Amino acid sequence: YPMSAFLRSLRILRLNWKVSAISIFSLSIAMALGVICLCVSNTSLLVGPAGVAPQHLVTIYLRSPGKDIDHISYPDYQYYRETNHVFEDVAAVPEEIGVIRVGFGAPGQSQKSLVTVTNNSVSDNYFSVLGLRPHLGRFFSASDNNSSSPVAVMTYSCWKRLGSDPNIVGKLVGSLSIIGVAPKEYTGSLFGINGDLLIPLSSNTLSSKREDRRLNLLARLKPG
């Protein structure tokens, strides 16, 4: 009986395959959205920023007409950072992430492996605000914002995925030269998505208009 019922169900699905396909697709989308919502809620409400003494880290938002919580523009971020007397320092992260397919290999290497990586940008002081030290190499400096040779910091998970090369510093991922690897405890700048590559944030990649608000700000409180 159970086998006959199973075969009957298959015949019904075959006769109504369009409805079945739509139902399966809709269910998949609903499950994916549910997982994303849980991830966002868990990271934003329960899990603190991936830094040293996370209780001293705060997020800064803008309140604007019609919005209780809004993002910050790049000019406003520059102003807050330069005139800040409340926090040790203020870092910025755009709320966006990119996906690219690039070649990976040593400088001058003719044969390179194609890898798919995600990337997002952070201000040059981002890791110092978090209080983290690199697993390998170094983190960004102010000079990296306008460097003629684009650079990137690789996350620990990406470093492991690409073979855990202890000599990764100086090698290329696409056109980006790897200057360092983030520590294992770094869990990401965007709702727990640690991504693969982090690149320096600069005015060259962001609008100079104050109404163009795309940044999340992270600040570290002064001790005491």
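**Entry 1: the nonpolar core.** I looked up the largest nonpolar core in this predicted model and found that it has 18 residues. Tyr126, Phe127, Leu130, Phe140, Val153 and Tyr186 have the most contacts inside it. I then noted which elements contribute: β5 (87–94), α4 and β9 each supply at least two residues of this core. Its largest share, four residues, comes from α4.

**Entry 2: a separate core.** I found another core lying apart from the one above, with 16 residues. Phe104, Cys158, Val173 and Leu197 are among them.

**Entry 3: aromatic pairs.** I searched the whole structure for aromatic pairs, and eight were found. I checked burial and recorded both tyrosine 126 and phenylalanine 127 as buried.

I next examined phenylalanine 127 with phenylalanine 140: the ring centres are 6.5 Å apart and the planes stand at 40°, so this pair is tilted. Phenylalanine 127 belongs to helix α4 (residues 126–130), whereas phenylalanine 140 sits in the loop between β8 (136–137) and β9 (151–154); the pair therefore ties together parts 13 residues apart in sequence. Phenylalanine 140 is buried, as is phenylalanine 127.

Entry 4: Finally, I listed the contacts of phenylalanine 127, leaving aside its neighbours within four places in sequence: Leu132, Phe139, Phe140, Val153, Ala182, Tyr186 and Leu198.

Conventions:
Residues numbered from 1 in each chain as written. Predicted model: local features only at pLDDT ≥ 70, side-chain atom pairs only at ≥ 80, totals over all residues. Heavy atoms only, no water. Phe/Tyr/Trp six-rings, centres within 6.5 Å; stacked < 30°, edge-to-face > 60°. Buried < 20%, exposed > 50% of the residue type's maximum accessible area, 1.4 Å probe, protein only. Core = buried A, V, L, I, M, F, W, Y, C linked by side-chain atoms within 4.5 Å. Contact = heavy atoms within 4.5 Å.
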